[in-house]
Each structure stands twice: as structure tokens, then as C-alpha cells.
Amino acid sequence: MTVTADPASSSRLALGADAALLALLLLRGTALMGLALLFHLGVILAVFSKMVHGAYRFAALLRAAADQGQG
């Protein structure tokens, strides 16, 4: 039995990333570049801050468990 990934699902994600990179490259050197970078950073922080929150929450739970073991 051979397991393969669905090429359509990964190609859609790659197409979106390619389009965003192309837009940033086209805007380079224009007055809109600053606005595009602010938008980009806002999206990145909105997406990844939730992932980072999970890591911090897990670390806090580990520390709380360690503190309970010492007390």
C-alpha cells in the first residue's frame, strides 16, 4: 500500500504564497511598500501569535506541574 499526498492541496497553498511574494516584489520601491509590509506583518502576527500562545501555555502548565511537585 502506497500513501501519497494530494498535490492539489499543497499547490493551492504554494500559489497563494507565490502571489503574495510577487505582489511584494512588484511593490518594492513604491510608496505602497510600507503599507504592504504592515499588512503582511499583521497577517503573520495574527496567525502565528495563536500558535506561539499554545507553546507558552504548554510551558506554563509544565512549570505549574513542577511547582506542585516541589510543594
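**View 1. Burial in the predicted protein model.** Of the 71 residues of the protein, 3% count as buried, where buried means under 20% relative accessible area, exposed over 50%, and partly exposed in between (1.4 Å probe, protein chains only). The protein exposes about 6400 Å², of which carbon and sulfur atoms supply 71%; accessible areas come from the Shrake-Rupley method with a 1.4 Å probe, and for residues only the protein chains shown count as cover. This is a predicted model in which local features need pLDDT of at least 70 and side-chain atom pairs count only at pLDDT 80 or more, while totals for chains, interfaces and linings use all residues. Residues are numbered from 1 along each chain as its sequence is written, and side-chain values use heavy atoms, with hydrogens and water left out.

View 2. Helix H2 (residues 33-70) has 38 residues and reaches 53 Å from its first C-alpha to its last, close to the 56 Å expected at 1.5 Å a residue. The expected span is 1.5 Å times one less than the number of residues. A kink of about 30 degrees in H2 is centred on Ser49, the bend being the angle between axes fitted to the seven residues ending at a residue and the seven starting there.

**View 3. Val43 and Gly34 in helix H2.** Val43 belongs to helix H2 and is partly exposed, with a relative accessible area of 37%. Gly34 also lies in helix H2 and is partly exposed, at 41%. Gly34 and Leu24 are 10 residues apart in sequence and 10.0 Å apart in space, C-alpha to C-alpha.

Notes
Helices (H or I, at least four residues) and strands (E, at least two) are DSSP runs, numbered from the N terminus.
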